[in-house]
Amino acid sequence: MAQTSTQNITIAQTKRRKRWLNRDRLTAILLLSPSVIAIAVFVYGFIAWSGYVSLSNWNTLTPDYSFVGLKNYQSIFSSGRFQTNIRNLIVFTAFFLISCLVLGLLLAVLVDARIRAEAFFRSVYLFPMAVSFIVTGVAWRWMFTPGDADPAGINLIFHGLGLDFLNGRWIADTRVWPDWYPDWSKTKIGVPLAMIPVVVAAVWQMSGFTMAMYLAGLRGISEEIKEAARVDGCSEWKVFRFITFPLLRPITLSAVIILAHTSLKIFDLIVTMTGGGPGNATEVPGLLMYTLVFSSNKIAEGAAVAMVMLALISLLIVPYLINSRRSDVEV
Amino acid sequence: MSAVSLPAPTLRRRRRPRVLLYLLMSILAIFFLLPVYLLVITSVKSFDQVSLSRMWDLPTSLSLESFGRAWNGNPREGVSGLSGSFLNSIYMVIPATVISCILGSLNGYVLSKWRFPGSETLFTLILFGMFIPYQSILVPLVQTLSAMKLYGSIAGLVFVHVVYGIPITTLIFRNYYVGVPTELVEAGQIDGADFFGVYRFILLPLSAPGFVVVAIWQFTSIWNEFLFGLIITNEPRIRPITVALQNLSGSQYTQWNVQMAGALIVAMPTLLVYIFLGRYFLRGLMAGSLKG
């Protein structure tokens with residue numbers, strides 16, 4: 001009697017185990033494993049490796065893995081160049097993010113207004129997303145070339161429109177506004193004016209994407225709620241302000257994450273448009289890392305810059321990933 | 001009487017904002033099309049027509065000379081054209097896209113229909129890979145590719161694009177397959193289909209849109225990619241087209257017509273994809289924001 005019951009349990013157990021780890025599931029796991037191993041090595045392993053390089057003395061051509069602690073971090077953070085990079089990155093991210101969100105929302109609301117030729121306008125606003133940052137950079141660099149004697153590029157358009165006061169030196173502008181240079185900083189604090197053309201080009205490229213996200217959000221809001229508010233006497237503005245806008249908040253969050261992480265990584269556009277210049281006025285960590293490692297052979301310092309970039313992006317992405325996975329499980 | 005006159009004021013009130021709406025949208029459209037206008041008119045100008053002060057003027061005559069210069073380069077001045085790199089990019093982008101699609105589809109299948117304890121965590125860990133700045137893996141990548149004898153080759157570029165494409169392709173396919181009812185899979189299993197049977201006879205026939213989305217996404221992002229192309233190719237012979245364009249625009253700084261023609265050549269393949277398959281392009285774009 002007792003024997004049969006244990007037997008039954010064992011059979012049930014093996015049966016359950018059998019059902020779980022059967023041949024199909026084994027195949028599934030085996031099939032997934034190359035990708036998992038690739039990611040484990042090429043993402044996590046390499047990050048650890050880079051992290052170790054950033055703590056090493058490898059600042060010459062030949063690899064030198066001797067441990068020097070945080071020396072490379074100290075030397076980059078205390079250098080005026082890296083401080084300038086961080087300033088540029090903050091300025092770029094802030095302007096880029098706000099402009100993309102505002103313009104993207106505006107475009108989405110306009111396209112959503114049930115107009116004729118909606119598809120045409122939507123395609124026009126979105127097409128820059130299909131183009132390489134390098135192409136964008138080449139085109140916009142020329143438009144923002146100030147011209148030496150006569151106005152050129154965008155200045156020429158301003159001249160034609162009678163807006164000569166907008167005439168600027170653009171990508172050649174070395175000024176920082178406001179020109180604030182406190183004792184504790186090794187860089188001028190303010191907006192490097194040469195960054196403005198880069199922001200314009202980046203917004204040109206990415207605001208259509210923001211529009212597409214908002215458009216998906218707007219289409220998801222039921223017309224009934226809005227209609228109910230209208231019946232209650234709300235103006236269109238109030239409907240937007242108190243119903244549409246709050247309902248778009250999750251979209252805004254996603255857009256902020258995607259745009260901010262793109263901007264923290266920005267590299268291609270800066271290389272093509274300004275090459276980081278004039279001086280270091282538009283140089284960002286993504287470019288500095290490249291220069292340090294591949295031109296100056298300061299491998300360890302370059303790795304330290306990369307680790308700072310990774311840390312910034314992780315602060316943004318990790319909570320978002322965990323959160324979006326958690327809400328995804330319920331679906 | 002009142003019933004007739006009632007719609008009139010509403011109509012009038014609506015019309016004027018409509019005009020303003022179109023005006024605003026057209027101004028914005030001009031902003032987006034301005035670089036295209038400049039690219040097109042400049043690229044069909046001959047060199048003597050190109051000047052900073054007349055850069056917005058329409059060309060007085062059509063010339064395709066700049067496209068020839070951009071495509072063939074100028075061997076006498078040691079400037080290489082885009083023709084070789086165009087082929088390099090093709091050789092890189094096609095295998096990378098095909099392999100990415102297959103890998104992504106299988107991964108997505110496992111992670112949606114064959115979940116196991118920890119598979120969701122694994123998926124999240126894989127996803128992190130698409131957000132990292134590639135600067136944080138470049139040094140080990142170069143070392144490893146050299147050891148694998150893949151450094152400085154198109155095969156190396158294909159390999160890198162496939163590996164770092166795993167997160168996004170897996171994500172798109174997984175979210176796509178989640179939408180396929182599990183009942184279908186179970187029905188297939190009852191009929192005796194095993195792991196590959198279910199994939200082959202149930203998932204795959206439904207996968208065409210997923211493959212199109214992923215293929216377009218990978219094609220566009222690999223074609224447009226710059227950093228890996230710059231790092232992994234140590235000689236001009238194998239560099240992809242974005243790197244070649246950057247070099248061309250650096251070496252022929254004043255020959256704007258050649259630069260603009262080059263930019264158009266680089267942009268053309270992805271723009272054609274966008275024009276003809278924009279709907280799928282948009283879907284890939286939205287998948288990148290995680291919510292699908």
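This is a predicted model: local features need pLDDT of at least 70, side-chain atom pairs count only at pLDDT 80 or more; totals for chains, interfaces and linings use all residues.
Along the principal axes, the C-alpha atoms of chain A fill a box of roughly 105 × 70 × 35 Å. Buried residues account for 44% of the 331 residues in this chain. Among the contacts in chain A with a separation of 6 or more, 67% join residues 24 or more positions apart.

Chain B is divided into two domains, with domain 1 covering residues 2–76 and domain 2 covering residues 80–287. Taken over C-alpha atoms, the centres of these two domains are separated by 32 Å. Their contact draws on 13 residues from domain 1 and 15 residues from domain 2 of chain B. On the domain 1 side, H2 and helix H3 (65–72) of chain B each supply at least two residues. It is H3(B) that gives the most to this side, with 6 residues. By residue class, the domain 1 side divides into 6 nonpolar, 5 polar and 2 charged residues.

We can turn next to the meeting of the two chains. Here, 67 residues of chain B are in contact with 75 residues of chain A. The largest share, 14 residues, comes from H13(B). B:Phe128 lies in helix H5 of chain B. With 18 C-beta neighbours inside 10 Å, B:Phe128 counts as partly exposed, because a residue is called buried if 20 or more other C-beta atoms lie within 10 Å of its own and exposed if 12 or fewer do. The C-alpha atom of B:Phe128 is separated by 9.8 Å from that of B:Ile168, a residue 40 positions away along the chain.

The largest nonpolar core has 176 residues, and those with the most contacts inside this core are A:Val305 and B:Ala263. Helix H8 (residues 195–220) of chain A gives the most to the core, with 16 residues. Domain 1 and domain 2 of chain B both give residues to the core, so it lies between them. B:Ala263 touches residues of chain A, namely A:Val135, A:Val138 and A:Ala139, along with B:Leu39 and B:Leu245 of chain B, again leaving aside residues up to four places away in sequence.

B:Leu62 is found in the loop between H2 and H3 of chain B. With 9 C-beta neighbours inside 10 Å, B:Leu62 counts as exposed. The C-alpha atoms of B:Leu62 and B:Tyr151, which are 89 residues apart along the chain, are separated by 43 Å.

Notes:
Residues are numbered from 1 along each chain as its sequence is written. Chains are lettered from A and ligands numbered from 1 in the order in which they are written. Two residues are in contact if their C-beta atoms, placed from the backbone, lie within 7 Å. Helices (H or I, at least four residues) and strands (E, at least two) are DSSP runs, numbered from the N terminus. Domain bounds come from an automatic or database domain assignment. Ala, Val, Leu, Ile, Met, Phe, Trp, Tyr, Cys and Pro count as nonpolar, Asp, Glu, Lys and Arg as charged, and the others, Gly among them, as polar. A nonpolar core is a set of buried Ala, Val, Leu, Ile, Met, Phe, Trp, Tyr and Cys residues joined through C-beta atoms within 7 Å.
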